[in-house]
Amino acid sequence: MESSSVPTDAELQVLAQAVAEETLRQRRMLVTAESCTGGWIAKTLTDLPGSSAWFDAGVVTYSYEAKQALLGVDPRTLEHIGAVSEETALEMVSGALARFGAGVAVAVTGIAGPSGGTPDKPVGTVWIAWKRRGGYARAQLFHFAGDREAVRRRTVAAALAGLRKTLTE
């Protein structure tokens, strides 16, 4: 996704449909924990009719306080490593599963821009984590090009593609 064109709404819906079908087939529920996408992953999934059969909850946490209170992210992780980090993404996805009855979760944290980037973490830096209940969390670092809209669309697409992979591996 990183060097490809910006995903359209229709392309995001195709990815969401694939996630929906696999989640339903496995009789699992799904939860999202989002920062830089502001609930866009949850919206894309719940745009599908019948999503209440497999979509449990979506949590949007931008502040450190919200990440701690709603997802159990360790304040030391945020203070010493930062919100846009592998550690935070892993704690977000694990916290989402711990707090809800879902069987699979995705978490995203990143810098969508146009401001907020640093030399170490430029705009477009995004960590995405996925986890199935009873399994190990995994996270992946992305560097998405483009403006705020493009970074967020690419993040939603990568999150959905990773969910499908997590469900089928």
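1. In this predicted model, Ala33 has Ala107 in S3 as its bridge partner. That pair belongs with the pairing of strand S1 (residues 30–34) and strand S3 (residues 104–110), which run in the parallel sense and are joined over five bridges.

2. Strands S1 and S3 are part of an open sheet of five strands, arranged in the order S2-S1-S3-S4-S5, and the pairing across this sheet is mixed. At the edges lie strand S2 (55–60) and strand S5 (138–143), each of which pairs on one side only, and from one strand to the next the twist averages 15 degrees.

3. Helix H5 (residues 86–99) packs on the sheet, where H5 touches S1, S3, strand S4 (125–132) and S5. The direction of H5 makes about 145 degrees with that of S3.

4. Helix H5 also has a helical neighbour to consider. Two packed helices are described by the angle between their axes and the distance between the axes. For helix H3 (residues 64–71) and H5, the axes come within 9 Å and cross at roughly 40 degrees.

5. On the H3 side of this contact are Lys67, Gln68, Ala69, Leu70 and Leu71, which meet Thr88, Glu91, Met92, Gly95, Ala96 and Arg99 in H5. By residue class, the contact of H3 with H5 comprises five nonpolar, three polar and three charged residues.

6. As for annotation, an unreviewed UniProt entry places the feature "domain: CinA C-terminal" at residues 14–167. In the model, the span of residues 14–167 is 44% helix and 21% strand, and its end C-alpha atoms lie 16 Å apart.

Technical notes: Residues are numbered from 1 along each chain as its sequence is written. This is a predicted model: local features need pLDDT of at least 70, side-chain atom pairs count only at pLDDT 80 or more; totals for chains, interfaces and linings use all residues. Side-chain values use heavy atoms; hydrogens and water are left out. Two strands pair if DSSP finds at least two bridges between them. Helices (H or I, at least four residues) and strands (E, at least two) are DSSP runs, numbered from the N terminus. Axes are lines fitted to C-alpha atoms, for helices over the stretch in contact, and angles run from 0 to 180 degrees between N-to-C directions. Contact means heavy atoms within 4.5 Å. UniProt positions are given in the numbering used here, feature names are shortened, and annotations may be inferred rather than shown by experiment. Ala, Val, Leu, Ile, Met, Phe, Trp, Tyr, Cys and Pro count as nonpolar, Asp, Glu, Lys and Arg as charged, and the others, Gly among them, as polar.
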